[in-house]
Amino acid sequence: MKKLLTTALFTSGLLAAPAMANLSVNVGAINVNPDSGTSYLNEIPTAGVSVDSNTQLGITFDYAINDNWVIELVAATPFSHDISGEGTIGDLAIGGTNIGSTKHLPPSLFAQYHFGSAGDKFRAFVGAGVNYTIFFDSEAGADLKAVLGTDDVELKLSNSFGLAGQVGANYMINEKWGVHVMASYIDIDTEAEVFANGQKALTSDVAIDPFVFMLGAKYKF
């Protein structure tokens with residue numbers, strides 16, 4: 001029985017070894033910089049919202065299918081964004097007002113093509129994939145509550161599914177360690193709904209569509 005167990009563990013190790021050899025992880029700073037364009041309130045076309053940028057800890061997992069094709073999963077700690085007003089509501093200028101805040105997780109899955117050969121120190125790549133963004137902990141800001149005349153204000157943002165494109169490069173310092181840089185553009189569209197005293201007061205189709213930048217350390221297993 002002991003011999004059988006030892007043989008099974010050894011065989012499992014041999015099967016897992018190639019998979020681990022094709023796996024690498026990148027860890028570093030990742031920045032989400034939303035499109036600076038304003039998304040206008042559906043009910044008030046002269047008023048809108050904008051979203052600020054945020055930097056968090058990013059981690060990506062790369063699995064090499066062969067010498068040139070790689071599947072990459074991009075993840076990060078939750079991003080936090082302040083939402084500000086733009087434009088006017090009647091004669092009232094709302095530019096820079098505190099509309100609210102939200103957090104989100106935007107995991108993305110890419111298929112990448114890496115140029116050059118497996119042994120090259122420097123390799124550029126391009127990628128295309130999909131993104132699913134989950135919004136949570138959305139809160140209405142003090143200025144929005146003042147405009148609506150109540151403290152009973154709720155802000156909701158719908159989750160988003162969209163396409164993404166990517167360019168980047170890896171530079172290997174040695175067989176295990178390297179530097180990873182990446183820039184992506186992600187289609188993130190959400191519908192923001194504002195409820196005052198339990199009744200829907202405002203809606204806005206928000207096109208976040210951020211550029212995402214990452215600089216980190218790469219480790220190959």
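Author: Gladly. Helices (H or I, at least four residues) and strands (E, at least two) are DSSP runs, numbered from the N terminus. Gln 166 has its place in strand S12 (residues 160-172). This is a predicted model, in which local features need pLDDT of at least 70, side-chain atom pairs count only at pLDDT 80 or more, and totals for chains, interfaces and linings use all residues. Residues are numbered from 1 along each chain as its sequence is written, and side-chain values use heavy atoms, with hydrogens and water left out.

Reader: What makes Gln 166 buried or exposed?

Author: Buried means under 20% relative accessible area, exposed over 50%, and partly exposed in between (1.4 Å probe, protein chains only). Gln 166 has a relative accessible area of 4%, so the residue is buried.

Reader: Which side chain makes a polar contact with the side chain of Gln 166?

Author: That of Gln 112, at 2.7 Å. A polar contact is a pair of N or O atoms within 3.5 Å; within protein, one must be able to donate a hydrogen and the other to accept it, and residues adjacent in sequence count only if both atoms are side-chain atoms. Leaving aside neighbours within four places in sequence, Gln 166 is also in contact (heavy atoms within 4.5 Å) with residues including Glu 72, Phe 110, Phe 125 and Met 182.

Reader: Why is the pair of Lys 218 and Asp 62 called a salt bridge?

Author: A salt bridge is a side-chain nitrogen of Lys or Arg within 4 Å of a carboxyl oxygen of Asp or Glu. For Lys 218 and Asp 62 the closest N and O atoms are 3.0 Å apart, so the pair forms a salt bridge. This pair links distant parts of the chain, with Lys 218 in strand S16 (residues 211-220) and Asp 62 in strand S4 (residues 54-64), 156 residues apart. Lys 218 counts as buried because its relative accessibility is 4%, and Asp 62 counts as buried at 3%.

Reader: How many salt bridges are there in the whole structure?

Author: The search finds three. Another one joins the side chains of Lys 156 and Glu 154, at 4.0 Å from N to O. Here Lys 156 is partly exposed at 39% relative accessibility, and Glu 154 is partly exposed at 40%. Lys 200 and Glu 193 also meet in a salt bridge, at 2.9 Å from N to O. Glu 193 is buried, with a relative accessible area of 19%.

Reader: What lies over the face of Phe 195?

Author: Lys 156 does, at 5.1 Å from the ring centre. A charge sits over a ring if NZ of Lys or CZ of Arg is within 6 Å of the ring centre and within 35 degrees of the ring normal.

Reader: How do you know how the rings of Trp 69 and Tyr 113 are paired?

Author: Rings of Phe, Tyr and Trp (its six-membered ring) pair if their centres lie within 6.5 Å; planes under 30 degrees apart count as stacked, over 60 as edge-to-face and the rest as tilted. By this rule the count comes to six aromatic pairs. The rings of Trp 69 and Tyr 113 have centres 5.2 Å apart and planes at 70 degrees, so this pair is edge-to-face. Trp 69 lies in strand S5 (residues 69-76) and Tyr 113 in strand S9 (residues 108-114), so the pair ties together parts 44 residues apart in sequence. For Phe 211 and Phe 213, the centres are 6.5 Å apart and the planes at 20 degrees, so that pair is stacked. Ring pairs also link Trp 69, Tyr 113 and Phe 115 into a cluster.

Reader: Why is strand S14 said to be largely enclosed by the rest of the structure?

Author: Because six of the eight residues of S14 (residues 189-196) are buried.

Reader: Which strands pair with S14?

Author: Two strands pair if DSSP finds at least two bridges between them. Strand S11 (residues 153-157) pairs with S14 in the antiparallel sense over five bridges, and Val 153 stands opposite Ala 196 in S14. Eight bridges join S14 to strand S15 (residues 199-207), also antiparallel. The bridge partner of Phe 195 in S15 is Lys 200. S14 and S15 form a hairpin with two residues between them, and Asn 197 in the turn has a positive phi of about 55 degrees.
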